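Open the model in your viewer and keep the sequence panel beside it. The tour below goes from one selection to the next.

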Amino acid sequence: MGGTYMEADYSGKMILLLDILSKSSELGDKVLVFSQSLTTLDLVEFYLSKLQIKGKEGKCWKRGKDWYRYDSTVDFVFYTRTLQLLVL
């Protein structure tokens, strides 16, 4: 896999999602992504971990810093604490 998400390896929907997330991050906006599929969330996380931060050569997004994941395996206390950070 190469260095950009605008490659044929990615589906059109994934390219659009990563583009929205990148632009939102540049603007300082927060985004919530919902999915019923844990496999889809795994895939989104995989691509997010490869997504370079604009203006920071060689730096990629990191779980727990640039994104959080909430699914049925998440501890309720962690969920409520981090969710409060998101809405502030």
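A residue is called buried when its relative accessible area is under 20%, exposed when that area is over 50%, and partly exposed in between. Keep in mind that this is a predicted model.

**Stop 1: an aromatic pair.** Select Tyr47. Its relative accessible area is 12%, so Tyr47 is buried. How are the rings of Phe46 and Tyr47 placed? Their centres are 5.3 Å apart and their planes stand at 65°; planes over 60 degrees apart count as edge-to-face, so that is the name for this pair. The count of aromatic pairs in the model is one.

Stop 2: Select Glu45 and Arg63. These two form a salt bridge, and the closest N and O atoms are 3.2 Å apart. Glu45 belongs to helix 2, while Arg63 is in the loop between helix 2 and helix 3, so the pair links distant parts of the chain, 18 residues apart. Is Glu45 buried or exposed? With a relative accessible area of 13%, Glu45 is buried. Arg63, at 52%, counts as exposed.

Stop 3: Zoom in on Arg69 and Asp71, whose side chains meet in a salt bridge with an N to O distance of 2.7 Å. Arg69 has a relative accessibility of 10% and therefore counts as buried.

**Stop 4: another salt bridge.** How many salt bridges does the structure hold? There are six. One of them joins the side chains of Glu26 and Lys54, at 3.8 Å from N to O. This pair also links distant parts of the chain: Glu26 is in helix 1, Lys54 is in the loop between helix 2 (38-50) and helix 3 (76-87), and 28 residues separate them. Glu26 is partly exposed at 44% relative accessible area, whereas Lys54 is exposed at 65%.

Stop 5: Leu16 sits in helix 1, which covers residues 12-27. Its relative accessibility is 53%, so Leu16 counts as exposed.

Methods. Residues numbered from 1 in each chain as written. Predicted model: local features only at pLDDT ≥ 70, side-chain atom pairs only at ≥ 80, totals over all residues. Heavy atoms only, no water. Helix = DSSP H or I, 4+ residues; strand = E, 2+ residues; numbered from the N terminus. Buried < 20%, exposed > 50% of the residue type's maximum accessible area, 1.4 Å probe, protein only. Salt bridge = Lys/Arg side-chain N within 4 Å of Asp/Glu carboxyl O. Phe/Tyr/Trp six-rings, centres within 6.5 Å; stacked < 30°, edge-to-face > 60°.
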